[in-house]
Each structure stands twice: as C-alpha cells, then as structure tokens.
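Colleague: I'd like to learn how to read a two-chain model feature by feature. Can you walk me through one?

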Amino acid sequence: MTTIYVPRDSAARSVGADDVAVAIAREAAVRGADVTLIRNGSRGLLWLEPLVEVVTESGRVGYGPVTESDVAGLFDAGFLAGSDHPLSVGIVEEIAWLKDQQRVTFSRVGIVDPLSLNDYEAHGGLVGLRRALEIGGDAVVEEVLASGLRGRGGAGFPAGIKWRTVRGAQSDQKYVCCNADEGDSGTFADRMLMEGDPFTLIEGMVIAGITTGATQGFIYSRSEYPDANDTMREALEIAYLNGLLGNGVLGSEHAFDLSLRVGAGAYICGEETAMLESLEGLRGMVRPKPPIPALEGLFGMPTLVNNVMTLASVPGILVDGSAAYQALGSERSRGTQVFQLAGNIAQGGIVEIPFGITLSELVNTYGGGTRSGRPVRAVQVGGPLGAYFPADKLDVSLDYEAMLAAGGMVGHGGVVVFDESVDMSLQARFAMEFCAKESCGKCTPCRIGAVRGVETIDKIREGVDRPGNLVLLNDLCDLMTDGSLCAMGGLTPMPVQSALRHFPEDFQR
Amino acid sequence: MTIMRDADYGTPASTSTELVTLTIDGNTVEVPAGTSIMRAAAEVGMSVPKLCATDSLAAFGSCRLCLVEVDGRRGTPASCTTPCEPGMVVHTQSPKIEKLRKGVMELYISDHPLDCLTCPANGDCELQDMAGVVGLRDVRYGYDGANHLDAPTDDSNPYFSFDESKCIACSRCVRACGEVQGTFALTIEGRGFASKVSPGGLDFMNSECVSCGACVQACPTSTLQEKTVIQLGTPTRKVETTCAYCGVGCSFTAEMRGDQVVRMTPSKKGGANEGHSCVKGRFAWGYASHDDRITSPMIREKITDEWRVVSWDEAIEYAANGLKAIQAKYGVNSIGGITSSRCTNEEVYVVQKMIRAAFGNNNVDTCARVCHSPTGYGLSTTFGTSAGTQDFKSIGKTDVIMVIGANPTEAHPVFGSRMKRRLRQGAHLIVVDPRRIDLVKSAHVEADYHLQLQPGTNVAIINALAHVIAVEGLYDQAFIDERCDTESFAEWLEFIKRPENGPEAMSIPTGVPADDIRAAARLFATETNGAIYYGLGVTEHSQGSTMVMGMANLAMLTGNIGREGVGINPLRGQNNVQGACDMGSFPHEFSGYRHVTDDTVRGQFEAMWGTKLQSQPGLRIPNMFDAALVGEFRGIYVQGEDIAQSDPNTRHVKAALGSMDLVIVQDLFLNETAAFAHVFLPGTSFLEKNGTFTNAERRINRVRPVMTSRTGKSEWEVTCALATAVGYPMHYDHSSQIMDEIAAMTPTFAGVSFAKLDAVGSLQWPCNAANPEGTPIMHKAAFVRGKGRFMETGVVPTDERSTRKFPLLLTTGRVLSQYNVGAQTRRTANIEWHGEDMLEIHEADAELRGITDGSWVELASRVGATTMRARISDRVPPGVVYTTFHFPLSGANVVTTDYSDWATNCPEYKVTAVEIRPTLTAGGLASAEDLGLKPHSTDYRANAIATLVRMANQIASNNESKGLAPAIIAVERHIGLFWSNGMKADLIEHAASGVGDLAPAVLGALGTLVVDSAMDDIEA
C-alpha cells in the first residue's frame, strides 16, 4: 500500500489540488493500485502547488506543480515508488528552501493529516498541554515569559506579560480570544495553520485557558476563509469528542470550551478591540485603551487576546522548553517568525525562520527574486500598513527593533514584492484608499483623513500645487500617526511616508 | 449672544473614594481614582478641547481633539479615555498638540457646510466653538472633496429635525440613546467616511425612537435640532424650573426669548433626572399656549347656558355668593373642594386652607384619592410615613429590583431609563404584572421572572412570596429583632406560614406557577439589596392598601429598608401627588399627615388661621358624589382635575356633577368637568407658576415662572380672593409666604423656604432642624413610627370578577406619549404617536369574537360601554384586555366601576369585568341602553350605602382572624379616623334597618361609634 499526500490547503486547491486528488484516486482504482490518499496541509512551497507527496522508504518524494493531466503520466513513470519524473522535486524535506527553515510553529503543517488527532499526537501533539497541566499555571507563565515570545499579530507585545496579567486578574469569568481575522494583504500563515494543523491552535488555546483561568475561548476567524473554518469546526468537534475540550480537559480538573466565530468581512475586526466588539455581537468599532482587554475585554471580563501564530507557538515552547525557543532569534526578538512571501515573487510561500534574517535573503534567496524576472523595486513588509523598502535597502534585519529603526515593522510577517513597473505614488494612494475603505469610522483622523489623503495624493499626481500638497500630505500623515485611535489609522501613513521618502520621483512625474 | 451652557466636564465623575494626585499644566490636582485627565483638567479650569466627549456619556475617544502629552509616555493619549494616575505630569498644550488639534478641525470643517450665519445652532455649536479654540484659519484640503453636504434631512419627528449634512459622526446621539435612555434606537450605519447616524435604517418616526430628546441634547452641532429653535432662533435667557408631568419631577431649563419659550432642556443639576428627559417634559409643553386655553373668568346660571366672560371680581363674587347661599340653605357641610396634584404645594395649601377655614368643613380631597391614597395608608401604618423611602439615585446600588404594577418605561420614563441602566449593569429583575411590559424584555434588559398574575390577585402573590421566605428561613432576623415590632412579627409569621398563603395555594388565583413564585422569592431574599418599585397597579384595587402593607412586610422581612439600594418606592403618577398629599388635602388630616382629631395640631391651625376648625374627617371624593346624588352636597370647587374623565364610572360622576347647584372649575381648558360647571376660573400653566412641586422621592423642587401669567393672576391669588369673598380674609404678598406658613405649620417642612431651595436646588423632606439638608433615604436608624409594624394581609378577592356575561378582565394604564386624561398631551404633537386609545386584546380572545387588528369594538362592563379600536397583542394574556384613558372620546372610565379600596376609597380601576364585541360604529360613547345592558341603578342612596357596607365588611374581614373583639376595635378605629360623620350615620341607619348584610365585627363597632355632629353647626 502506498500513502499519497495531496494538500487540502486552499492555496493548493485554488490551483487544482482537488482535481489532482480525484484523478489520482481514479487512476489508482483503474490500475488497481493500493493507495491511501491523505489530504494534508501545505508545506508552504506555493509555487510547487499542487505538491503531491508519495511516501517511500527513503522519505516523502514530492511532485509539483501537478495538474490533473499529469496524473496518468506520473503513474506511468512509477511515482508510487518515488520514481523520477520531470515534476519530481525529490525528497521534500531535503529541498533546501524547506530544509534551511526552522519550523517550530509550522512544524507539523503539511506533514500531518490535519484532522487526525492520532497523527497529531504521533508528531508531538499534546505534549505541551500535558506538560502545562503538570507544571501548573505559574510555571507556564514563566515559560512563556522566558521564551521571549512576543505577539505575532503585529504589535509584538510580550505574550508572557499579557498571560500573567490575565492570570492575575480577579474575575468569575475570563476569556481567551484567538485573533484569526487575518486581513493583511499578502499574509496567509494563520489560514495555513488552521487548515494544516488546527489541533496546534486548539492545544495552544487550551494551554492559555487553563493558565489564565479562562474557561471559554473563541476563535475569531473570517468569512473569507471558508476552508479554514470548516477544518477548524471539524477539529473542534474531534477535540470535544476526545476530551481535549469541555469539562475535564485531558482528564484534569480544568474546563475549557472553545468555539469558532466568523467575522463578516471587515478588516478592522482584526484590531483586537474591534474584534471584541464584534464577538459581543456589536458593530466592529475600535475601543479606546485603557482599559486593556487583559483586564476588561470580552463582555467586560479579563480576556487574553492573541494571534493564531502566538497561541500556536506555545505548545512547541512547552515541549522543548523556553530556553530552546529563546535561543533562536536576535536582540529582543526571540524565536521564529513565520514570514509569508507574496506579490511579484518567484518562490512564494511560508518561510519560518528565526528573527534576524535580512529582507534581502528572504526576497532574493528564498523568494528567488520577482516572478516577472524584472528587478525588484520595492518590498512591503508587514501588510498593507507596512513600510515599503527600496531595492537598495533590503539589508535590513528582520526583527522588531531593527525594522522600527528602519521606519518599518515586522507586523504579521507578510512580505510583498514589487518589480520596477510599480508606481509608488499609486501604492501610497492605495494605502490611503485601503484605510478609507476599511476604517471603522470612529476616529476623525482615520475616517476623514484617509479620504482626504487619497484626494491629496491625486492632486499631487495631477500636479496641482505639488509643494503645498506634499506639505499637507505630510501633515496629514503626522496627524494620522499621532492622532488616530488605533493602529489602522496610525499605521496607514507608514507605507505613504516610506513611499514619499524612498521614491520621491514617483510623486513628481 | 447665546445663553451659557452648563459646565461640561467631558466624562462622568468617578465614584471612587481613593484619591490620586497629578500635575496638569503645572497645577497640582487631586481627583478620585478613575477620573479622566479631561475631567481633572476641566475641574482646575484647564479645559481641553473636545467634541465627542460629554459628561453624561462614557468616554469614547473618537474625535481626537483632546489629545494631551504625558511625561514618560509615548505618543499623545486622548485625555478623555486616559485615567489619571498618581504622579502623572500632563501637558494640555504644546506646539505638537496644537498642530494635531488644528489638523483634526481642518478635517472636520472640510466636510461641513459653511453656513454658520444661517445655521440654527449659530452661537450654540460646539464645532464652531472648537474651530475657534484651536485657531483654525484655513482648510487646505479645500471644499471640493468627498463630502456629505447633500445628505438629506429627516423631518419626520414633530419636535426635532435630523440634518445629516451637519453630522460629525461623533456618536454622542447614538451613545445617549443607549447609555442614557436605554432604547438603542440609533446606530451608526456604514463604516469609514460613509459612517452615518441612523435610526435603524428607518426615519425617526418609524424607528424605535421614543423622542426622549437625549440625542438632541447630546448633539454638539445642529444636526439634531429642536424645530422650535429652527423656527424661532437662539434663546437669550434661561430659567430653571420643574416639569409638570409625571411624579419623577425632572428639572428643566426653560430657554427663552422674551416671553416665549424656545425650548425646554433637561437640567444636569436636577436631582431627579440629572440631565435626562422624556418626550413629554422635553417637547410637549406647547399646550401652555394652545388656542383652547381659557384666560378669562367665565360664569353661567345653568350648565345649558352659554358661557359669559366676566371680570375676575364678578366671577369671584358670583362664586362666593353661590357657595354662601348653598351653605345657608343646606348647612355648612354641603360644599367642599378638590385640590389638584398638578398644582404647586402653595396653590394646594391655600385651597385646603380655604375649605377648612373659609368653608368651615373638612370636605377637601385630592386626586391622590384615585391613585396613591393606599400608599399613604399602607406605609404610614407599617413605617409611620406616607411616602416612599428612597431617592431615585438609590437604585444604582440595588441588586434585585421588583417592579409591581408599574410600567416605568412608559409612565415614568426618566426613572425607567435609570432603572434600565442599573439592569444593564447586572441587577436582577422581577416583574409582577398581568401585562408583559417593556421591562420584561427589551434591548439589553430581561426580567429574571415575570410573574404574570391575574388582575386583582396582588395580595395573593405578595403573601406567597413572603410565605416562601418565611418558611425557608430566608428572612433577616437581625433586622427584624432590631428594627421591627417583634410582637406584630410573631403574629404575622404565624399567619404568613399558613399553607393557604403558600405558592401552591396562591398559584390558583394568580395563575402564576408555584415554582416561579418560589424562585422569585428566593432571588429577592438572597440578594444583598432588594428594592420594590410600584405604581397604580398596586394601589388601584379593592385591596390596594392591603397590598401596600404586604410589600412593606416583605421589605422588613428581608431587611430591605433604611439604606441605599433598598426600600419601598411608589412611582407617583402626577407631578405633585406627593406634595398635594403632604399639604393636607385629605379630609382627615392637616399638612404633614396630622389627623384632624388631634386637638393639639388642630389647635395650632386654629391659632394660626384664627378660626375654629372641624374635628371630624370630611367627605372623600366618592362620598361627595354619593352625597351630591342624594342632594346633601351641592357645591364644589375643583382645582385642576378633570374628574368627569379621570374618575371611575363616568356616568356616576357626571350624574353627581349634574345634580350640584354650583360647580367651580379652575383649569387651563374647558375640560369634561367644565361641561357641568357654573364658574370657570382660568388657571395657570406650570410655565407661569411660582412655587414648588414635590416628586415621588419627596424632593421639593422649585417651579419658577418663565412667563407672565396668561390670566393676569396667580391661582393662589384667585383662591385667596374667593376665600375672602366667602367671608374669611386670606392674603399673601407672594407665594414664598405660603411656603413660609407651610414650614411654620408642618414639622417635616420646617427647614424649607424658597430662599433655601434657590440656594441648594432641591430638598427632600423631612427637612427640619434634625435634617437641615433634607432626607434622601428614610428610616435609616429607626422607623418614623419607632418599630416597623408587620400587618396581616389576608386575601379578600374583589367582588369584581369575570362572569359569563362579562368574561374578560380589563386593566388600564398609560402610554409614553400621553399623560392621564390627555388635557395637555392631546394638545401637542404627541398625538402623532398615540392619537386614540386602543384596546389591547389577545389573539385568542379576538379570534373568538371575530375581532381583527384595528377594527372597532364595543367595550362594555356592568356600568357602561364605549367603543374603541382593537389592537391584537401578546402583551396581555388570554382573558385580560388593556386600554389607556387619555382620550375623552373613548372615555375608558365609562366602564370602570365604583368598587374601591376598603381603606381609602381608591377606585379599583385595574379590574373591571368586561365583554368585547365587534361593531361597525366608529368612536364615541355608547350608552348602556344602546347596548341592551341593564341600566345603571338610579337608586343613588342604595349605591352609596352598598359601597359603605362593602368597605366596612372588608375591614372586618381583614381582622377577623384575630377574633371578634380585636376586629371590632379595628373597624371602629378605622371608621372613626377616616369616615365622615355622614358616612357613619348612613351606615348606622342601614344597620338599624336590619338588612343583615354587615359582618358581626361591623355591627359590634357601630354600637360604640360616636357621631360627633356638633361641629356641623359652625358657620362658614
């Protein structure tokens, strides 16, 4: 019997993975081949999707990108035995692109059957939770603190401090909320983890629950992620059936309920306080802080809000110990970051690597330059509100502090590449337009400012009083940065001002 | 020049007792922990620019004008959302901050019409003010960008318009609708630049908006603007006064232009309302200048004659001569009067003084007779004071609220909002009501238990609740031992523990499941602070007084008296019910609830007034009617009350009025009663009065004249003139002198004067040497009567029950937009919400009778019938129907009966057996004959005596469990204290006739009753 993996990840499905899976099953049946087809997550080598893997004695041999019409040929070539074929990429684990990464959070994504709890445990799952139950909440908080883990949603707040605050808060009811409203353009790590290894997120949330004293958790996902939501729902059901959720987590005295909530398409609901409003059934409007959600969050109760990547990192930290995680990274940015390469890039996908890699390595070494083959002109890091870096400034180290110093941010780890055909004044305009479209409308700098930003950039592009309007645009950017209620309006100037700074010529055409 | 706005500290005051010290712009400031930087700065005069912040709403942080810098902190935090912390060093001004603020204003103005000079809010606009404060001189974006200048105006609400083009999306209106009013009718629709305020996607009139005005009050621009301001312009002066609608007693600022009211805005300093209002007080004041208003005195010989406008002198002389002639012919007790709960304490006081001193009898009663007289009786019997125990604020500390027979969100809306605020904070709620009122379930509010009892079974439910607490030992023994009369408690405990008072037994008459009664009782007993709020659904029953005592028992049993968060709280129907009662309007007592039989007290009044006073109680309103119908009562002075519409059994009332020789009506309008009047003395609206109202929390508020009297006289002057013309000279130079006399003669008012009220705003009585600043919460250390007294409250079912002929039970109430008989509200645009009384009927009952929603129905009881339209509703259970009594056309009181409370004669409005049938005839009153019903008995004396028999027997029945001797004493005591000589004599005569319908205890008591008729001979 041969085991074949065909990803169920929506990126793979978008390029025909389902058809390939059906074709393989049909072909196997026709040929009387004894195969077991497993729909795994994606390994994150997106240019190779659909990446079909065949289990052989020497390891999992990959073929990709496979189309439906390639299937018969693969059978003919004897791919069930791992034979050579033009689409063969060899032993997948040996692909340098993957081998050179240090996958901690993504350690099981693409490898396991996402909905097999046995497979999950066979690959080290639940070890972290069992250890958490054994060492107790204080010790878990210490571990998370010592690991140096910082919030992966973008703000980079030390996770352990947040955990300690919620654990210390006195309340009859506390909550853990996972922010899975991954709305940044060019980001997909949360989605891929939820589709490829949902139990890791569940385990991370259970650990968070029993540690902070929360007995109810919510995963706030988005309607644009139907596959991830289906997978999460199934995984939650399996987790309940197997005593991972509900009363007496893994036979302990702890209770933890977890359910999935799906947002209706507003980017702002990825902002933690707007997410809480939305979870309460209200309009997704940003709340002022203080009070911080850790003390007064969902329904006014102490609430731990962490991103998918943050929570999914915790089981691994508990398995290997905080020291091992802390050993990775640079400066005050410890552990790994799951970078997502996108845009005009030859080899897009997931690169999980310790902090400290340079942007150039990421774009040129991993990414292999642009997909168009034209020179890289600009790279935007950290989503639509992140800074643009010009081609000659890609040597910046990707860690929280260095990025800040360079006028940018790591954000959620999205990296979007543009070639020389890009008009950066249009990109600046896009930033304002995006803010205008996605602003919750609460604070003035964001609500009105973004609209005026688009109009002012249009005037600049049209050559109307350029000097005056450039001053005005900069004033507006300062106002939005310093005056906005949340990071949405506050960060919108980052791409605009980086474009102005690095590509002034695009505003003078 | 615009009028000065009240200081706005931007965010609500912190209630913390912990203080923090910080530095703001070099000033050291000490504030309670949790105070925002904005508020702290405002308190030291360093007010920070703001637009989205106002101190009635929680900080929101959206406008970003209030940014400040804090040493050691990154960025520029908003001062509204940042709490003060110890040692903070705050800078409210810096070049950076100034630039940011100017930038924010530049954005605002880039999307705002530049029509300041023609804008209704010109000079009264916070946006305009802030543009000035930040020094905005230029809008570099220009005005050609995207904007909302073409947004439509919603004029659907009759009182305010919503001009979306001027909206700055600060959400103050949306937040006020939720946080202050608790209706949640408004929302922000769309997002980003498309964000707009919306009444749920509809226009205001078709939305859930209740037109309370909170949004208009909160709006910093002219987006939500009073139409009167749009029409008339900006006010130029203001006068603080008190609303004349319900018993909440909201303080308002009358904003004036000359002698013309431009708008009424709720006053933040008002102790009762703290800046909130409802559709009536805020907007429905236009009746004061309605064309129907009569401003000249009028007289006529016969009620079929045309009215003749005469001078004040002629009218007074005519009235005085008439009164004197009646007394000369029929005796001193043949005339009397009714004081009004709508009038000021001073006006009421002089009317009762005129009756006692000038008419020479105690035939004075007040409209509280038909609403809260059982409250006075029940609470004074158990606690020693005829008033509620708490201030409104107290509810902020309540853990479980029990609402019985009250509908605060409709009838006491401003207090209803306060209650809902507490419920949203997590307090528990038990609703006891036959009808599913809004509080049972509405936005963010849901009752833990709705005990949906059958009308007329209040005492059954209160006994069952107490039974559970008694049997399960959930009562507060320590409180009872320390504060209550333990002997009465022991007797009561034995009584209440009997199985006949248990939830199983009581679930039969009430229809409420025993488990619900048990659970509600446990909830009420086990929460720390339990408070009872009630309305006329408690008092307007044949056992109204019993029920009030039952609630008092429950409060004492659970230790819920004497501190914040607890208590027994009557929600008073009219603005000055409390005051009218306090002022000595009842036939048996002088001001401050001192009995007329008390020689010491009476001696004081005789000395002060220089005349001899009667020592026996006079006639109550229903007794006056009964006496009129047999020709013994011939003349009446009716101050501001429309008894022909508001009192039960309209046919009976009209017959009584029609049989009198002289009916003097003092009112704003020719009301239903005026149809029977011979003298019409035009009254003044609250906008012309100078005096005081006392609200449901015993708060004495000033009523100040904002305009000159439209009649040329104050009402008290007219009363004094009449008293003088009758032969008893009465004179005051100013209404403050009347209050001075009240204070001199009334121990609970000893410390009250206009000067003191003007200085402190308001005072809650008792206000005297012991409590110079008044008494927000009563019975703190001890009950006024000493020890709280438990009273046995046996269930005596009303005689009014559903029969085959009248199978449904009618209960009545009030809607938000209308007020009582509607004399005022019907003369305002409030009719747009409620233009007619409708009959609420359950679908099952409607279907059975072929009645559809909106169709005309005949509503008939054994005493009368009327027609109105039906509204199919699941608010009422099958078997119960409901209507309001705001419109004379439908005249709901045509069907209510003259059954009444055994102790006080308060009518049993809330239970009438009726039948409903479809009709094709629209509107108007149908007569009983038209409907083929048995005509109302014209044997008036028999009717009057039947009432006396029923009342006397019930007193006996209440006490019969104690044995015959104590029951005789109780009956004798009650009749002696509260019945007039005529009533006593009638009952004695009836007993002598040997009909045999009197209880043994009544017969026993009559043997010992002394009818003191000596006083009848005093000359008026």
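Colleague: Let's start with the charged pairs. How many salt bridges does a search of the whole structure find over all chains?

Modeller: Keep in mind that this is a predicted model. You look for a side-chain nitrogen of Lys or Arg within 4 Å of a carboxyl oxygen of Asp or Glu. Over all chains, that search turns up 87 salt bridges. One of them pairs A:Arg31 with A:Glu27, with 2.8 Å between the closest N and O atoms.

Colleague: And which element holds A:Arg31 and A:Glu27?

Modeller: Both sit in helix H2 of chain A, residues 17–31. They are four residues apart, which is about one turn of the helix.

Colleague: How many salt bridges cross the interface of chain B and chain A?

Modeller: The rule finds four there. Take B:Arg191 and A:Glu438 as the example: their closest N and O atoms are 3.0 Å apart.

Colleague: What about polar contacts across the interface of chain B and chain A?

Modeller: There are 19 residue pairs in polar contact, counting pairs with both residues at pLDDT 80 or more.

Colleague: Now aromatics. How do I describe a pair of rings?

Modeller: A pair of aromatic rings is described by the distance of the centres and the angle of the planes. Over all chains the count is 34 aromatic pairs. In one of these, A:Tyr175 and A:Phe218 are 6.1 Å apart centre to centre, with 40 degrees between the planes, so the pair counts as tilted. The pair links distant parts of the chain, 43 residues apart: A:Tyr175 is in strand S6 (residues 175–179) of chain A and A:Phe218 in strand S7 (residues 216–222) of chain A.

Colleague: On to the backbone. Where are A:Pro50 and A:Pro290?

Modeller: Look at omega for these two. The bond from A:Glu49 to A:Pro50 is cis, with omega near -5 degrees, and A:Pro50 lies in the loop between strand S2 (35–38) and strand S3 (52–56) of chain A. A:Lys289 and A:Pro290 are also joined by a cis peptide bond, omega about 0 degrees. The loop for A:Pro290 runs between helix H12 (272–279) and strand S9 (303–307) of chain A.

Colleague: Is the phi of B:Ser171 positive or negative?

Modeller: Positive, about 70 degrees, although B:Ser171 is not a glycine. You'll find B:Ser171 in the loop between strand S6 (160–163) and helix H4 (172–181) of chain B.

Colleague: Last one: where does pLDDT stay under 50 in chain B?

Modeller: Chain B averages a pLDDT of 92, with 97% of the residues scoring at least 70. Stretches under 50 include residues 924–937 of chain B, for which the model has 34 contacts beyond four places in sequence. Residues 1013–1020 of chain B also stay under 50, with 15 such contacts.

Notes: Residues numbered from 1 in each chain as written. Chains lettered and ligands numbered in written order. Heavy atoms only, no water. Polar contact = N/O pair within 3.5 Å; in protein donor to acceptor, adjacent residues only side chain to side chain. pLDDT = per-residue confidence, 0-100. Contact = heavy atoms within 4.5 Å. Phe/Tyr/Trp six-rings, centres within 6.5 Å; stacked < 30°, edge-to-face > 60°. Helix = DSSP H or I, 4+ residues; strand = E, 2+ residues; numbered from the N terminus.
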